[in-house]
Amino acid sequence: MKYRGLIFANLFRKKFRLLLTIGSFAVALFLFGLLAVVKGAFSQGVDIAGADRLVIINRVSIIQPLPLSYKDRILRIPGVKSITHDNWFGGIYQDERNFFAQFAIDVATQREVFPELVVPEDQWQNFVKDRQGAIAGAQTAKRFGWKVGDRIPIKGTFAPGTWEFNLQGIYHGARRQDDESQFWFQWDYFEERVPDRFKGLVGWYTLRVENPDDAGRIAKAIDQEFSNSPYETRTETEKAFAAGWVKQMGNIQFLILSIGSVVFFTLLLVTGNTMAIAVRERTAELAVLKAVGYSDRFVLLLVLGESLIMAVLGGGVGLLLAKGFTVMVGDPTHGLLPYFYLSLGTMSAGLGLAVAVGAVSGLVPAIGAMRLRVVDALRRV
Amino acid sequence: MVRVDGRGDSNSLIQIRGLDKTYRRGGEEIHVLQGLNLDVGKGEFVAFMGPSGSGKTTLLNLLGGLDVPSRGKIVVDGDEITHMSGNKLTEWRARHVGFIFQMYNLIPVLTAFQNVELPLLLTKLSKSERRRHVETALGVVGLSDRMNYYPRQLSGGQEQRVAIARAIVADPTFLLCDEPTGDLDRKSADDILNILTRLSTEYAKTILMVTHDPMAAERAQATLHLNKGVLVEGVEAAAGSLA
């Protein structure tokens, strides 16, 4: 590339200004990366939800329970393959800030319904045998430095006292995006220790259907089965359930889009102004280039190229910093966003966005440079 | 042989016939050049003198294809440039014209070598061939030892010599010099004029130079005077036309 020297010499003409412009891109793309990660973390449950899974909650609210006795009646509905139940525990490990989701699970059915959350067989058998046994997601185990065999005390909230658990296993997600932050213990142990008013009740059911195409019909059948009962149900696909959960947090997507748009619009103005100044300063030089035989198109591409190089450099730095942040620092909420991951796809989209901003902001000055008349430009010197 | 009567040899390198250039400023029409004729042969060194606003630089711009005339034609080495499209004119300029400006107009972020190399980047020459050409051009102007210097590290005279090297490196058909010594002290100006004279005599380069400096004009083989857009030959003729 014989023009490389010319392009880079112009680019590095004002090193401090170049640094600031690249810095603007880097900050914007760093922010973009983190916002995309947060958005992804919120919507990840929706994206990875099983197409063949339904969630049944109390029609009033998810915090209202359902009777355990519903389980057999639900299993009798044609098309239901397997069902499991869970309760939210909400205990505190050492400090309230150490949040992670704790569930009382049904050991008999958990793996049938959630086969993607994998526990080594020997660890699972030890867990089943130990009434105080627990299984932690790999992310949570890593976060607290737990290893199999550790004793983990968790202070109950609605269930009083300190609950002692023996960590018998660590699960991993079969897919990268699976949630590895949960903490499971036996539902029977939960049932044994909770106050009487909570006994015989579950938080929600999750079931698998034989055929995902029947999910709508089955959901309707379940809700009809329990209509006009003291515990009416609301059954929906796991995806819809996850989406509803996200919605409770507010319109995250809108918020992120708004912040992102403001950042990129500001970046557009900053870069556009920088490029305009850079072109204005070099009016005579651009005119000389044209005088010695460089075409208008070359001058346009030269200016545009500088803008794009700044965008790619700054954008790349910002995205790498964001990636580094997600890898080294991880989820700053310590568990609220279990899937805190900047994917290659998101990074590519970010770089594409940086290139687009670079192109748009460089285009007006580049067209100005292209249209520059040598005679006029030299007269101004 | 330089002629301004429009009766020059058809083999002249540069032929200008009935050249007009009119600008509009506000509602007023300003006739910068009026019915100008000129013939310049290959290897001739011609100086243009005249008061400010007489049209010297406009004539140079038209000859260099940087501006288009209102009427008339310019033929250089058989190519009529007056009707060329913008792109063709740009290509033509790259092959045929070497510009030397009063303010040197070097690119400050490039070394002397890189500045001189600029016109060659448009050619198909290899990197080693480009290097050879640049070294030769810088050798002609006596700056072989300053190749890696930036313009800010050079004196005004040296900068202008780099500009001359840039103008000659692609071996153009003719050189257009707009006040090449206008920003230099006497010693540096003499050095520049020596180089231009040598380019004309030793290398048979055709040079058209605009100047206000009578000593610079003396170096040329012919001096033409422009007054109110009209070209006249020789000092006496100029005096007559001004009278």
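Residues are numbered from 1 along each chain as its sequence is written, and chains are lettered from A and ligands numbered from 1 in the order in which they are written. Because the model is predicted, local features need pLDDT of at least 70 and side-chain atom pairs count only at pLDDT 80 or more, while totals for chains, interfaces and linings use all residues.

Chain B is described here as a whole. It has eight helices and ten strands. Helices (H or I, at least four residues) and strands (E, at least two) are DSSP runs, numbered from the N terminus. A compact globule of 243 residues would have a radius of gyration near 18 Å, and the 18 Å of chain B agrees with this. That radius is taken over C-alpha atoms, and the globule rule is 2.2 Å times the number of residues to the power 0.38. The C-alpha trace of chain B spans about 50 × 40 × 40 Å along its principal axes. Of the 243 residues in chain B, 48% are buried. A residue is buried if 20 or more other C-beta atoms lie within 10 Å of its own, exposed if 12 or fewer, and partly exposed in between, with C-beta atoms placed from the backbone. Contacts were also sorted by sequence separation. Two residues are in contact if their C-beta atoms, placed from the backbone, lie within 7 Å. Among contacts in chain B between residues at least 6 apart in sequence, 70% join residues at least 24 apart.

Helix H6 of chain B covers residues 186-201. The expected span is 1.5 Å times one less than the number of residues. The buried residues of H6(B) are Ala189(B), Ile192(B), Leu193(B), Leu196(B), Leu199(B) and Ser200(B). These lie on the same side of H6(B), because they cover an arc of only 115° around the axis. The arc is that of the directions from the helix axis to the C-beta atoms. Exposed residues Lys187(B), Asn194(B) and Thr201(B) sit on the face of H6(B) turned away from its buried side. The cover over the buried residues of H6(B) includes strands E3 (45-49), E7 (174-178) and E8 (206-210) of chain B, together with helices H5 (156-168) and H7 (214-218) of chain B.

Chain A is assigned domain 1 (4-45 + 250-380) and domain 2 (60-231). These bounds come from an automatic or database domain assignment. The C-alpha centres of the two domains of chain A lie 47 Å apart. Helix H10 of chain A (residues 252-281) has 30 residues. From first C-alpha to last, H10(A) reaches 43 Å, close to the 44 Å expected. Its buried residues are Leu267(A), Thr271(A), Thr274(A), Met275(A), Ala278(A) and Val279(A).

Chains A and B touch. The contact takes 18 residues from chain A and 20 residues from chain B. On the chain A side, helices H1 (4-11), H11 (283-291) and H14 (374-380) each give two or more residues. H11(A) supplies the largest share, four residues. By class, this side of chain A has ten nonpolar, four polar and four charged residues. Ala, Val, Leu, Ile, Met, Phe, Trp, Tyr, Cys and Pro count as nonpolar, Asp, Glu, Lys and Arg as charged, and the others, Gly among them, as polar.

Leu319(A) is in helix H12 (residues 296-328) of chain A. Leu319(A) is buried, with 26 other C-beta atoms within 10 Å. Beyond its neighbours within four places in sequence, Leu319(A) is in contact with Leu29(A), Gly33(A), Met347(A), Gly350(A) and Leu351(A). Leu319(A) and Met347(A) are 28 residues apart in sequence, yet 6.3 Å apart in space, C-alpha to C-alpha.

Pro212(A) is in the loop between strand E11 (204-209) and helix H8 (215-225) of chain A. It counts as partly exposed, with 14 C-beta neighbours inside 10 Å. Leaving aside neighbours within four places in sequence, Pro212(A) is in contact with Ala51(A) and Asp52(A).

Most residues other than glycine have a negative phi. Asn228(A), not a glycine, has a positive phi of about 60°. Asn228(A) counts as exposed, with 6 C-beta neighbours inside 10 Å. Asn105(B), also not a glycine, has a positive phi of about 50°. Asn105(B) counts as buried, with 23 C-beta neighbours inside 10 Å.
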